[in-house]
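Work through the exercises below with the structure in view. Each task is followed by its solution in steps.

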Amino acid sequence: MKPANRIVATLLSLSLATLAHAQTSAAPAQPSTPPTLIGSIATRTDWPQAKPDDVKSPEAILNAVYSVISGPKGQARDWDRMRSLFIPDARLIPATTSAASGRSDAVVLTIDGYISRSQGRMTTNGFFERSIHNEIEQFGNIVQVWSTYESRHNADDPTPFIRGINSFQLLKDGDRYWVVNIFWDSESPTNPIPEKYLRK
(Lines give C-alpha, C1' and ligand atoms only; values in the text may rest on other atoms or scores of the structure.)
Protein backbone atom coordinates (compact mmCIF):
# COMPACT_ATOMS: atom_id res chain seq x y z
CA MET A 1 0.00 0.00 0.00
CA LYS A 2 1.31 3.41 -0.92
CA PRO A 3 2.08 5.77 2.03
CA ALA A 4 -0.65 8.21 0.96
CA ASN A 5 -3.24 5.45 0.81
CA ARG A 6 -2.07 4.09 4.17
CA ILE A 7 -2.58 7.54 5.77
CA VAL A 8 -6.10 7.85 4.30
CA ALA A 9 -7.01 4.36 5.51
CA THR A 10 -5.67 5.11 8.99
CA LEU A 11 -7.63 8.36 9.22
CA LEU A 12 -10.81 6.64 8.03
CA SER A 13 -10.41 3.89 10.66
CA LEU A 14 -9.87 6.46 13.40
CA SER A 15 -12.97 8.42 12.29
CA LEU A 16 -15.15 5.32 12.30
CA ALA A 17 -13.88 4.28 15.72
CA THR A 18 -14.51 7.76 17.13
CA LEU A 19 -18.07 7.76 15.71
CA ALA A 20 -18.84 4.31 17.13
CA HIS A 21 -17.53 5.35 20.55
CA ALA A 22 -19.63 8.51 20.50
CA GLN A 23 -22.76 6.53 19.63
CA THR A 24 -22.24 3.96 22.40
CA SER A 25 -21.20 6.43 25.09
CA ALA A 26 -23.89 9.05 24.46
CA ALA A 27 -26.48 9.23 27.24
CA PRO A 28 -29.78 7.57 26.23
CA ALA A 29 -32.59 9.97 25.47
CA GLN A 30 -34.87 10.43 28.45
CA PRO A 31 -38.58 9.87 27.75
CA SER A 32 -40.64 12.98 28.25
CA THR A 33 -42.81 12.93 31.37
CA PRO A 34 -46.52 12.84 30.49
CA PRO A 35 -48.60 15.64 31.95
CA THR A 36 -50.29 14.97 35.29
CA LEU A 37 -53.83 13.69 34.79
CA ILE A 38 -56.61 15.78 36.29
CA GLY A 39 -59.76 13.94 37.32
CA SER A 40 -63.26 14.83 36.21
CA ILE A 41 -64.35 15.96 39.68
CA ALA A 42 -61.29 18.19 40.18
CA THR A 43 -61.99 20.10 36.97
CA ARG A 44 -65.38 21.39 38.16
CA THR A 45 -65.26 23.06 41.55
CA ASP A 46 -68.59 24.72 40.66
CA TRP A 47 -70.40 21.36 40.36
CA PRO A 48 -73.62 21.03 42.43
CA GLN A 49 -73.09 19.56 45.90
CA ALA A 50 -74.90 16.33 46.70
CA LYS A 51 -77.06 15.70 49.73
CA PRO A 52 -75.00 13.40 51.98
CA ASP A 53 -77.88 10.92 52.31
CA ASP A 54 -78.08 10.63 48.50
CA VAL A 55 -74.51 9.42 48.10
CA LYS A 56 -73.56 7.58 51.28
CA SER A 57 -73.71 4.07 49.78
CA PRO A 58 -74.23 2.31 46.43
CA GLU A 59 -77.84 1.60 47.38
CA ALA A 60 -78.41 5.24 48.39
CA ILE A 61 -77.09 6.71 45.14
CA LEU A 62 -79.10 4.26 43.02
CA ASN A 63 -82.24 5.20 44.92
CA ALA A 64 -81.43 8.89 44.42
CA VAL A 65 -81.00 8.44 40.65
CA TYR A 66 -84.34 6.64 40.36
CA SER A 67 -86.00 9.22 42.61
CA VAL A 68 -84.75 12.30 40.77
CA ILE A 69 -85.94 11.14 37.34
CA SER A 70 -89.34 10.03 38.67
CA GLY A 71 -92.41 12.22 38.99
CA PRO A 72 -95.97 12.80 37.76
CA LYS A 73 -97.12 14.70 34.69
CA GLY A 74 -96.22 18.38 34.83
CA GLN A 75 -93.65 18.05 37.61
CA ALA A 76 -90.25 19.55 36.81
CA ARG A 77 -87.27 17.44 37.83
CA ASP A 78 -84.50 18.71 40.07
CA TRP A 79 -81.73 18.53 37.50
CA ASP A 80 -79.10 20.04 39.79
CA ARG A 81 -79.74 17.20 42.21
CA MET A 82 -79.31 14.85 39.24
CA ARG A 83 -75.98 16.47 38.32
CA SER A 84 -74.76 16.25 41.93
CA LEU A 85 -74.96 12.45 41.78
CA PHE A 86 -72.69 12.15 38.71
CA ILE A 87 -69.10 13.05 37.98
CA PRO A 88 -69.07 16.02 35.56
CA ASP A 89 -67.93 13.89 32.60
CA ALA A 90 -70.37 11.05 33.27
CA ARG A 91 -72.11 9.34 30.38
CA LEU A 92 -75.59 7.84 30.08
CA ILE A 93 -75.68 5.23 27.34
CA PRO A 94 -78.80 3.48 26.03
CA ALA A 95 -78.22 0.43 23.84
CA THR A 96 -80.30 0.56 20.67
CA THR A 97 -81.30 -1.92 17.98
CA SER A 98 -82.40 -0.91 14.50
CA ALA A 99 -85.75 -2.43 13.52
CA ALA A 100 -84.73 -2.29 9.87
CA SER A 101 -81.26 -3.83 10.05
CA GLY A 102 -81.35 -5.61 13.40
CA ARG A 103 -77.95 -4.13 14.22
CA SER A 104 -77.17 -2.85 17.72
CA ASP A 105 -75.50 0.40 18.66
CA ALA A 106 -74.94 2.66 21.67
CA VAL A 107 -76.05 6.29 22.06
CA VAL A 108 -73.55 8.13 24.27
CA LEU A 109 -75.10 11.07 26.13
CA THR A 110 -73.66 13.63 28.49
CA ILE A 111 -75.74 14.51 31.53
CA ASP A 112 -77.10 17.61 29.78
CA GLY A 113 -77.72 15.56 26.64
CA TYR A 114 -79.77 13.10 28.67
CA ILE A 115 -81.73 15.94 30.29
CA SER A 116 -82.49 17.55 26.92
CA ARG A 117 -83.59 14.21 25.48
CA SER A 118 -85.74 13.12 28.42
CA GLN A 119 -87.25 16.04 30.31
CA GLY A 120 -90.08 16.83 27.88
CA ARG A 121 -91.26 13.22 27.69
CA MET A 122 -91.01 12.75 31.46
CA THR A 123 -93.09 15.81 32.33
CA THR A 124 -95.62 15.29 29.51
CA ASN A 125 -96.37 11.62 30.17
CA GLY A 126 -95.27 11.17 33.77
CA PHE A 127 -92.41 8.81 34.52
CA PHE A 128 -91.60 6.63 37.50
CA GLU A 129 -88.68 4.21 37.54
CA ARG A 130 -87.52 1.93 40.33
CA SER A 131 -85.16 -0.99 40.79
CA ILE A 132 -86.56 -4.39 41.61
CA HIS A 133 -83.25 -6.23 41.97
CA ASN A 134 -79.60 -5.14 42.31
CA GLU A 135 -76.39 -7.12 41.97
CA ILE A 136 -73.51 -5.13 43.52
CA GLU A 137 -69.79 -5.85 43.17
CA GLN A 138 -67.00 -3.68 44.54
CA PHE A 139 -63.21 -3.65 44.35
CA GLY A 140 -61.31 -0.79 45.96
CA ASN A 141 -62.92 2.42 44.75
CA ILE A 142 -64.81 0.96 41.77
CA VAL A 143 -68.33 -0.44 42.00
CA GLN A 144 -70.43 -2.22 39.39
CA VAL A 145 -74.19 -2.49 39.92
CA TRP A 146 -76.46 -4.57 37.67
CA SER A 147 -79.83 -2.97 38.45
CA THR A 148 -83.07 -4.38 37.05
CA TYR A 149 -85.61 -1.58 36.57
CA GLU A 150 -89.31 -1.13 35.93
CA SER A 151 -90.75 2.07 34.39
CA ARG A 152 -94.32 3.35 34.74
CA HIS A 153 -96.15 6.50 33.63
CA ASN A 154 -97.98 6.67 36.97
CA ALA A 155 -96.69 5.40 40.29
CA ASP A 156 -99.79 3.23 40.77
CA ASP A 157 -99.90 1.66 37.30
CA PRO A 158 -100.38 -2.08 37.86
CA THR A 159 -97.77 -3.07 35.28
CA PRO A 160 -94.70 -1.30 33.91
CA PHE A 161 -94.65 -0.13 30.31
CA ILE A 162 -91.01 -1.20 30.06
CA ARG A 163 -88.37 -3.08 32.01
CA GLY A 164 -84.65 -3.52 31.54
CA ILE A 165 -81.26 -3.53 33.19
CA ASN A 166 -79.16 -0.48 34.10
CA SER A 167 -75.44 -1.15 34.41
CA PHE A 168 -74.13 1.46 36.87
CA GLN A 169 -70.42 2.18 37.26
CA LEU A 170 -69.73 4.03 40.51
CA LEU A 171 -66.68 5.69 42.05
CA LYS A 172 -66.13 5.60 45.82
CA ASP A 173 -64.65 8.93 46.92
CA GLY A 174 -63.99 8.91 50.65
CA ASP A 175 -67.39 8.85 52.32
CA ARG A 176 -69.47 9.35 49.16
CA TYR A 177 -70.18 7.65 45.83
CA TRP A 178 -70.42 9.12 42.31
CA VAL A 179 -72.08 7.76 39.20
CA VAL A 180 -69.48 7.47 36.42
CA ASN A 181 -71.68 5.84 33.74
CA ILE A 182 -75.05 4.19 33.28
CA PHE A 183 -75.30 1.77 30.33
CA TRP A 184 -78.68 0.16 29.80
CA ASP A 185 -80.79 -2.08 27.61
CA SER A 186 -84.54 -2.66 27.60
CA GLU A 187 -86.40 -5.93 27.75
CA SER A 188 -88.15 -7.15 24.60
CA PRO A 189 -89.97 -10.32 23.48
CA THR A 190 -86.71 -11.56 21.98
CA ASN A 191 -84.60 -10.31 24.89
CA PRO A 192 -86.35 -11.23 28.16
CA ILE A 193 -84.69 -10.47 31.50
CA PRO A 194 -83.17 -13.67 32.92
CA GLU A 195 -84.86 -14.93 36.06
CA LYS A 196 -81.68 -14.47 38.10
CA TYR A 197 -81.91 -10.69 37.58
CA LEU A 198 -85.51 -10.44 38.74
CA ARG A 199 -86.84 -9.97 42.24
CA LYS A 200 -85.95 -12.82 44.62
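Two strands pair if DSSP finds at least two bridges between them. The model used here is predicted.

**Exercise 1.** Find how many bridges join strand 5 to strand 6, and how the two strands run.

Solution. Strand 5 covers residues 162–173 and strand 6 covers residues 176–186. Ten bridges join them, and the two strands run antiparallel. Across this pair, leucine 170 stands opposite valine 179 of strand 6.

**Exercise 2.** Give the order of the strands in the open sheet and explain which strands stand at its edges.

Solution. Six strands make up the sheet in the order 2-1-6-5-4-3, with mixed pairing. Strand 2 (104–106) and strand 3 (128–139) each have a single partner strand, so one side of each lacks a neighbour in the sheet, and these two stand at the edges. On average, neighbouring strands are turned by 20° against each other, direction ignored. Helix 4 (residues 111–125) packs on the sheet, where it touches strand 1 and strand 6. The direction of helix 4 makes about 50° with that of strand 1.

**Exercise 3.** Decide whether proline 94 is buried or exposed.

Solution. Proline 94 lies in strand 1 (residues 86–97). The cut-off for buried is under 20% relative accessible area. Proline 94 has 6% relative accessibility, so it counts as buried. Leaving aside neighbours within four places in sequence, its contacts are Asp105, Ala106, Val107, Leu109 and Trp184.

**Exercise 4.** State how many residues of helix 2 are buried.

Solution. Helix 2 (residues 58–69) has twelve residues. Nine of the twelve are buried, among them Pro58, Ile61 and Tyr66.

How values were computed: Residues are numbered from 1 along each chain as its sequence is written. This is a predicted model: local features need pLDDT of at least 70, side-chain atom pairs count only at pLDDT 80 or more; totals for chains, interfaces and linings use all residues. Side-chain values use heavy atoms; hydrogens and water are left out. Helices (H or I, at least four residues) and strands (E, at least two) are DSSP runs, numbered from the N terminus. The expected span of a helix is 1.5 Å times one less than its number of residues. Buried means under 20% relative accessible area, exposed over 50%, partly exposed in between (1.4 Å probe, protein chains only). Contact means heavy atoms within 4.5 Å. Axes are lines fitted to C-alpha atoms, for helices over the stretch in contact, and angles run from 0 to 180 degrees between N-to-C directions.
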